[in-house]
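Visitor: I am new to this structure. Could you show me how to read a few of its features?

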Amino acid sequence: MIPLAEPVLDGNEWSYLRECLKSSYVSSVGPFVSRFEAELAEAVGVGHAVACSSGTAALHVALRLAGAKAGELVAVSDFTFIASANAIAYTGADVWLIDSEPQTFNMNTELLYDEFVRRARLGRRLPSVVEVVHVLGHPARMEPLLALRETYGLRIVEDAAESLGASWTSGACAGRQVGSVGDLGCFSFNGNKIMTTGGGGAIVTNGKSLADSARHLTNQAKAGVSDYRHDDIGYNYRLTNIAAALGVAQLERLPEFVRRKRSIASLYRTGLRSLPVTEAPWAAWGDPSFWLYSVLLAEDSRTPSQLVRHLEMKGVQARRVWPPVHAQKPYASTERLGGEVAEEIYRQGISLPSSTQLHAEEQETVMAAMRRFFE
Ligand SMILES: *Cc1c(COP(=O)(O)O)cnc(C)c1O
């Protein structure tokens with residue numbers, strides 16, 4: 001079976017793990033954790049990184065630090081993995097689901113901008129935080145959010161779980177990487193993401209005191225060094241030294257991983273051109289990291305579910321994209337802005353095998369199976 005997204009672990013993983021086990025620092029204090037944090041911050045181009053036990057944990061703490069709590073409203077992308085919305089729910093804040101733009105599948109930040117300003121004029125309830133998700137490896141359009149931050153103090157949390165290594169090439173964020181533009185940014189190092197620590201995540205920020213608070217909250221809000229004193233309700237959200245050892249090895253490969261994802265995308269782009277499918281999103285102002293190469297089937301052709309089944313019979317693992325959050329049971333009655341674009345992406349979308357070590361011949365097998373399907 002050609003998998004959808006499989007990790008590559010053939011660098012220094014074994015050697016660092018051995019070093020870690022020998023040192024007997026296996027838990028959440030240890031040299032690999034600090035090294036991973038420093039090297040991740042440098043790779044992303046931010047001042048500080050705080051390693052966490054998962055991307056979801058990172059989002060929970062980042063949202064709390066951005067001010068999400070009971071009584072507050074937090075805007076988030078409707079088309080995303082459910083963890084983006086769950087992290088808001090954990091804080092007690094109310095969720096406001098914002099539809100996608102067709103071009104990038106990401107939050108339609110212009111739609112949010114217009115509605116925000118309209119509500120502000122009417123004196124209606126406004127979100128204090130926006131959690132913008134860079135879905136499937138493509139950066140979101142940030143300018144409208146930066147304008148809302150400037151004028152209204154809206155705080156920005158980037159959910160960059162799927163998009164490590166993606167960047168903006170023009171506009172207000174030109175030259176910056178995803179995660180480095182918001183007040184706080186979050187990554188996931190789950191097994192299927194761009195790079196992995198087995199399970200893990202990180203918060204990145206340029207604010208020293210935000211980073212200190214993140215480290216404090218993820219470490220049970222310990223007040224002192226030695227005795228059992230805690231000055232807040234914190235969490236056990238630290239990454240282990242074992243996981244960080246994997247992370248240090250994976251980070252060494254990150255530029256190569258992202259290059260591979262981009263060349264896989266370019267092969268799909270040319271190879272699927274004659275079929276009734278769109279190309280994966282790639283805006284002129286962005287340099288995506290193409291986590292999962294995802295296309296939309298033309299409306300009048302057969303369905304993504306049929307294609308997934310056909311590919312499976314040919315030994316190819318593909319997957320439909322997420323239903324919008326508003327279509328998930330816990331969020332059925334959640335307030336939303338638009339939603340039709342997210343529904344359309346769900347109805348027509350499919351993700352194709354995008355593993356970093358996917359061979360060109362395997363990719364040919366995937367594309368040949370797709371041609372057969374549309375014949
Ligand atoms: C994977 C993912 C998360 C959660 O990360 P975990 O490490 O699995 O907790 C959050 N948001 C998005 C968009 C994701 O894809």
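Guide: Let us begin with cysteine 186, which counts as buried because its relative accessibility is 1%. Buried means under 20% relative accessible area, with a 1.4 Å probe and protein chains only. This is a predicted model, where local features need pLDDT of at least 70, side-chain atom pairs count only at pLDDT 80 or more, and totals for chains, interfaces and linings use all residues. Residues are numbered from 1 along each chain as its sequence is written, and side-chain values use heavy atoms, leaving out hydrogens and water.

Visitor: How many disulfides are there?

Guide: A disulfide is a covalent bond between the sulfur atoms of two cysteines. With a cut-off of 2.5 Å between the sulfur atoms, the count here is 0. For cysteine 173, the nearest cysteine sulfur belongs to cysteine 186, 17 Å away. For cysteine 186, the nearest is that of cysteine 52, at 7.2 Å.

Visitor: At what angle do α3 and α4 pack?

Guide: Helices here are DSSP runs of H or I with at least four residues, and strands are runs of E with at least two, numbered from the N terminus. Helix α3 (residues 55–66) packs at about 45° to helix α4 (residues 83–91), and their axes are 9 Å apart.

Visitor: Which residues of helix α6 are buried?

Guide: In α6 (residues 143–152), they are Pro144, Leu145, Leu146 and Leu148. These buried residues pack against α5 (109–122), β4 (129–133) and β5 (155–159), where contact means heavy atoms within 4.5 Å. Just after α6, glycine 153 has a positive phi of about 75°.

Methods
Axes fitted to C-alpha atoms, helices over the stretch in contact; angles between N-to-C directions. Buried < 20%, exposed > 50% of the residue type's maximum accessible area, 1.4 Å probe, protein only.
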